[in-house]
Amino acid sequence: MKINPPSAWHPAPVCAPVDIRWWLRHRDSLTRLLQAHSDHFRVEPVFQALAAACIDELAIMNLRWGVRALVREVYLHCDDVPVVFAHSVVKSAHLQGAWRGLGRLGNQSLGTMLFTNPLIQRTSFEYKQLKSHHPLFERACEQLSDRPMSLWARRSLFTLQDQPLLVTEVFLPAIRKLRAAE
């Protein structure tokens with residue numbers, strides 16, 4: 001039996017609570033889903049720069065340690081409450097190619113761009129329960145008044161012209177209230 005290291009991402013959110021699992025497994029545009037569950041949806045950019053990717057992103061993005069990539073982080077708000085922290089990574093060389101418009105998104109949703117281009121392909125999700133030692137957990141918690149013990153996240157690659165873009169979505173505690181309102 002193979003034991004996954006604690007840093008591993010998994011093909012299924014086996015231990016996720018049922019109400020979070022529903023969000024984690026939804027394959028369509030998360031932006032559209034959140035818009036349907038709120039009166040006012042907005043994207044709040046909090047970071048965008050050439051920076052180091054997280055260590056558990058290097059292999060999936062075929063990046064070497066120390067090589068900078070474009071990292072974009074935003075909070076997705078429903079009715080002025082942050083419900084998702086989104087983190088995307090693309091090789092800097094691909095900003096001149098398939099992903100050239102990524103650096104100018106501002107407060108526009110990346111999801112809108114990804115789900116309106118039929119040439120973009122998406123891989124299967126990987127899931128992880130993030131704990132305090134993971135850098136995305138720390139950044140996702142910056143706007144939370146009550147810090148949870150862990151947060152569930154999913155990630156997948158979007159590919160255009162053989163150039164990958166990694167998108168990780170960290171689901172914040174307030175997402176549970178949206179599901180209840182359905």
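How many residues of the lining of the largest pocket are nonpolar, polar and charged? The lining divides into nine nonpolar, three polar and two charged residues. The model is predicted, with local features needing pLDDT of at least 70 and side-chain atom pairs counting only at pLDDT 80 or more, while totals for chains, interfaces and linings use all residues. Residues are numbered from 1 along each chain as its sequence is written, and side-chain values use heavy atoms, with hydrogens and water left out.

**View 1. The largest pocket and its lining.** The volume of this pocket is about 290 Å³. A pocket here is an open set of points on a 1 Å grid over the protein atoms alone, with protein on both sides within 12 Å along at least five of seven lines; lining residues have an atom within 4 Å of a point. Points are joined across faces, edges and corners, and a volume is the space filled by probe spheres set on them. Of the 14 lining residues, Ala8, His10, Lys128, Gln129 and Trp152 lie nearest the centre of the pocket. Strand β5 (residues 126–130) gives the most to the lining, with four residues. Strands (E, at least two residues) and helices (H or I, at least four) are DSSP runs numbered from the N terminus. For the classes, Ala, Val, Leu, Ile, Met, Phe, Trp, Tyr, Cys and Pro count as nonpolar, Asp, Glu, Lys and Arg as charged, and the others, Gly among them, as polar.

**View 2. The largest cavity and its lining.** A cavity is a set of grid points where a 1.4 Å probe fits but cannot get out. The count comes to one cavity of 30 Å³ or more, and the largest cavity holds about 200 Å³ of space. Its lining has 21 residues, of which Ala86, Leu110, Gly111, Val167 and Glu169 are the closest to the centre. Two or more lining residues come from each of α2 (30–36), β2 (68–78), β3 (81–91), α4, β6 and β7 (163–171). Helix α4 gives the most, with four residues. By class, the lining of the cavity has 10 nonpolar, six polar and five charged residues.

**View 3. The aromatic pair of Phe115 and Phe158.** The structure holds four aromatic pairs. Rings of Phe, Tyr and Trp (its six-membered ring) pair if their centres lie within 6.5 Å; planes under 30 degrees apart are stacked, over 60 edge-to-face and the rest tilted. Phe115 and Phe158 are edge-to-face, at 6.0 Å centre to centre and 80° between the planes. Because Phe115 lies in helix α4 (residues 110–116) and Phe158 in strand β6 (residues 151–160), the pair ties together parts that are 43 residues apart in sequence. Phe158 is buried, at 3% relative accessible area, whereas Phe115 is partly exposed, at 28%. Buried means under 20% relative accessible area, exposed over 50% and partly exposed in between (1.4 Å probe, protein chains only).

**View 4. Phe125 with Tyr127 and Arg27.** The rings of Phe125 and Tyr127 form a tilted pair, with 5.9 Å between centres and 55° between planes. Both residues are buried. The charged end of Arg27 sits over the ring of Phe125, 5.0 Å from the ring centre; this term requires NZ of Lys or CZ of Arg within 6 Å of the ring centre and within 35 degrees of the ring normal.
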